[in-house]
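Keep the sequence and the 3D view at hand while reading.

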Amino acid sequence: MKLVFEFTKTGNLVYISHLDLARLFLRALRMSGQRPAYSHGFNPHPKMSFALPLPLGLHSTCELLEFETDAGAEGLDGVMMAVNARLPEGMRVTACFEKPGDIPKSLASYAAASAYEFMCEGVADAPALLASFFAQGSVRVMKKDKKTGAKSEKEIRPEMIGCRIVKDIRGRMLAETTLAAAPGQTLNPLVFFGAFCGAAGLDPEALSPIVTRTAILGADGRPLTAMLSGTEW
Amino acid sequence: MKREDYLKILEAHGAPEHVKRHCMAVGDAAVGICAALSEAGAAGLDAVAVRTAGYLHDIARAGKDHDTAGAALLREMDLAMPEETRLAAADIVERHMKLNFPVGLDGIDSAAVVSLADRVVKEDRFVGYEARMEDLLKRYEGVPEVAARVHENMERALSLIAQIEAATGRALREIVTGGRVDAEPLFMKAERPGRYIGGEINSIRKEWNGTPLHFCFAFPDLYEIGMSYTGMQILYGLLNAREDTLCERAFAPAEDMARLLAEGGLPLFSLENRMPVRGFDIVGFTLQYELCYTNAVRMLGQSGIPVFAAGRGDGDPFVVAGGPCCANAEPVAPFFDLVCVGDGEEALPALADAYLAWKQGGRRDGRDGFLLAASKIPGVYAPAFYEPVYETAPESGTGAFPVFSRYEKRYPELPDRVGRAVVADLDAAFFPERPLVSHIESVHDRVAVEIMRGCYRKCRFCQASYACAGVRKRSPGRVKELVFAGLANTGSDEASLLSLSTGDYPGIEALVSDLMDELSRADAALSLPSLRLDSLKGDTLKKIAEYKRTGLTFAPEAGTQRLRDFIGKQITEDDLLRTLDICLPLGFAKYKLYFMIGLPSETYEDLDGIAELAGKAVRRAKEICAARGGAYRFHLSVSVSNFAPKPGTPFERACGDGEEELLAKIYYLKDAVRKVKGVGFKYHDTRMSRIEMLLAKGDRRCAGAVLRAAQQGAGFDSWREHFSYENWLAAFEGAGLPAADLYADGALPLPWSLIGPGKAYDDGAAGGAEV
């Protein structure tokens, strides 16, 4: 059967990479007595996948991990608690779903966008700045190719889906943005913030926002977990 | 209630990430201020109310009027504390936004402590009051009468801070952060920041202030190297098992992090509490290989600890060396207050006891008082107490250059020879059941259980074998217990058995066979480094082959039987070919042969022998494959390292080949092996080996060269891309030392003669144990 964990990645653990996160989760699952199913190839690997990798340094309250487990339903009692007891500080499973059979593909293939909260202090007049940033028809950023190091320009405006100010008390800003997160069309929130700061004449390093992913959204704009509702353990 | 309990409450109330972090930071700050004030004699502070209010002060920040809303929540909450304390905490939360600071320190109360903590922490970091004043004044720019009142309150707060600093004799930053290094801003800029964050599965973070002895285990190489080192796992667990001791870890920061620390003016810090390494009582370096010496020196510099033991004073830690290189720690002795020879799990608890006794006794006789007490522990010596004397010995071939002649003891009661700490019984000795799990993939990502210490074989070049006092075994029952505890507590799916020569473990066949059966039921695998497969029977091999068909290694070390006999390596050509007979049909297709060149008495005939042996293996493999009618699947590679004579071994006076000689031999061998078709050839950097030898066999004056090399940028010398031979040669020259082996002559006294034999444990098993 396939299970889906919704979990947080916060605190110090924001500094471990996606691959190391996968290793950590596999360890925690095994420590809690779960036996994730393995593929049957020449190099067996655990059948587990994340809906959307989280860039290093970002917090999240809504990561999704699906994995196949050999354990039957009778073994699932307390699985969340058992895993939580093994996860280090900063990671916590907040919900556990059974993936319904009518969702044939991996959760990753349904992800289209992500919601991020930006919390930072020292931005005067944030609502107006953000509004004018979103009013631009085109936003271009310099992109460095990871392998070749070659720089190229990239248009990101189509990937900036929406933004609203949740709170703005005298320079302390909490903004929620929705950014594209589909295969081949993903906007890293730190790239977005850098572009915003560039346009607004702000120093992103001095502001050093705390960025938290708060939802992984499907093409319909609803959280992916909505597809799983009713199957929560 | 513990710190984590408050975090859970915040989580349960849906506090967003930034609020949680802020609350925890303010709570920590309030606890620090409260403790400092109480220590300085302030009365009337309620530590639990301060703690509770501090950690929960913004619990309702997501909504409106969060001060009153938060107080209301606390008044309803069920907390593990007296009701009046909880209500007091609620009152503090209610007042924390609008509190008027008292004029003098006498007027300070719990609420003022929490408010002050809140005012000096921005988000989750200490920024100081002045930095926050600007933010606050900006908020009330348009409302002059409020701004005036705020300003007045600020003046009182500033005066209060000055009074707190005067009364406690500590800067507010230090009180609030507890001296912690604020390294987090660097993590986003560092490569692989997982190396520096701590908090791994099974890591142990104890309360700094509540623990009498602070021990820092320093590993002079990268995190991912150090985390695979079983010795660290043992000592970390052993020391943390003591209630009076905390043991934290520090690794050599990678080049980029070293630069970031320097730029930020931050010292090297421990992973657990992020305390400066300099703030520990004892800093213990493990010296695993000579080429890490420069890293150790650099780490001392990065920590702000005076590099030479002689330069350290009352505020500095004691810096201790341990590990295999302590068979001759003299080349780095001036950097260390103490050197521990032998088994750390014997020496370190005794050292901890000695330290605590010295500290509780009012640090009698200053630093020397502790060093003298420590000198009574078997295997422990203070280099400063043994002054080497150098004299010229023209007939030794060293010319007019003075060489080591003897040590002069500073105190008559010191032993003439140091000896070695020895663990007598591995079953009774500590071994971790909860090994740390590296955050990032480390070199050996598996549960390693040591089954035997020492080696029966005593190959004459092998320092590890001679540095161990006899052979000690762990019983099969205990080994199994540790394997399964380790797997259960780490979630790992691979275990390995560790020893210098696993095949010599009495009863290895049964142990491996049992373990493989039990492990496969648990979806786990067994890996067997340094296991000679010819020591196993077909059934066990079949089991190994069923789930693991990775490469096999074989270490004849020399190409001819003559040389193998001379170096004491008990392997014959037949052993190798027989292994092929058994293992090739089982599906093992990849083989690696290890050899050493530059061995004493070696001739080019011995080099030819290496190529011949490879040729014979290839021919035999062809025969085996042809006889079975299957396809020819056989990969062989020959890997050659350079012999470097090591102190404490029968070859300690051998001088080893020079760099050019070694290089000539490598080229010769490369040609010879190339003629055998289908065999790969790998060799080791000859220049690295040369420096390794110089550092292994050096006397105390070598420290000058090590320091110079480190100052000129040497570090991570065992990483080829970092190693600079020219830099090392310049360092030796600069230190006024010949870059040559001074101790090859048979008649010269040896600098490492200070290290005497330990007690031998002869259990009468194969070959016996000699020391």
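Chain B contains 27 helices and 19 strands; helices (H or I, at least four residues) and strands (E, at least two) are DSSP runs, numbered from the N terminus. Its radius of gyration is 31 Å, close to the 28 Å that the globule rule gives for 771 residues, so chain B is as compact as a globular protein of that length. That radius is taken over C-alpha atoms, and the rule is 2.2 Å times the number of residues to the power 0.38. This is a predicted model, in which local features need pLDDT of at least 70 and side-chain atom pairs count only at pLDDT 80 or more, while totals for chains, interfaces and linings use all residues. Residues are numbered from 1 along each chain as its sequence is written, and chains are lettered from A and ligands numbered from 1 in the order in which they are written.

Along the principal axes, the C-alpha atoms of chain B fill a box of roughly 95 × 65 × 50 Å. Of its 771 residues, 49% count as buried. A residue is buried if 20 or more other C-beta atoms lie within 10 Å of its own, exposed if 12 or fewer, and partly exposed in between, with C-beta atoms placed from the backbone. Contacts in chain B between residues at least 6 apart in sequence join residues at least 24 apart in 73% of cases; two residues are in contact if their C-beta atoms, placed from the backbone, lie within 7 Å.

**A sheet and its helices**

Chain B has an open sheet of 3 strands in the order β11-β14-β15, with parallel pairing. Two strands pair if DSSP finds at least two bridges between them. The strands β11 (447-450) and β15 (525-527) of chain B are at the edges with a single partner strand each, so one side of each has no neighbour in the sheet. From one strand to the next, the twist averages 25 degrees.

| Strand pair | Bridges | A residue pair |
|---|---|---|
| β11(B) and β14(B) | 4 bridges | A448(B) opposite S496(B) |
| β14(B) and β15(B) | 3 bridges | E494(B) with A525(B) |

Helix α18 (residues 476-490) of chain B packs on this sheet, touching β11 and β14 of chain B, and its direction makes about 160 degrees with that of β11(B). Helix α19 (residues 508-521) of chain B touches β14 and β15 of chain B, at about 145 degrees to the direction of β15(B). Axes are lines fitted to C-alpha atoms, for helices over the stretch in contact, and angles run from 0 to 180 degrees between N-to-C directions.

**A buried helix**

In helix α3 (residues 47-56) of chain B, 8 of the 10 residues are buried, so the helix is largely enclosed by the rest of the structure. Among them are V50(B), R51(B) and Y55(B). The cover over the buried residues of α3(B) includes α1 (3-12), α2, α4 (66-76), α5 (83-95) and α6 (110-120) of chain B.

**Where the chains meet**

In the contact between the chains, 28 residues of chain B meet 25 residues of chain A. Helices α2 (17-39), α7 (129-139) and α18 of chain B each supply at least two residues of the side of chain B that touches chain A. That side divides into 9 nonpolar, 9 polar and 10 charged residues. Here Ala, Val, Leu, Ile, Met, Phe, Trp, Tyr, Cys and Pro count as nonpolar, Asp, Glu, Lys and Arg as charged, and the others, Gly among them, as polar.
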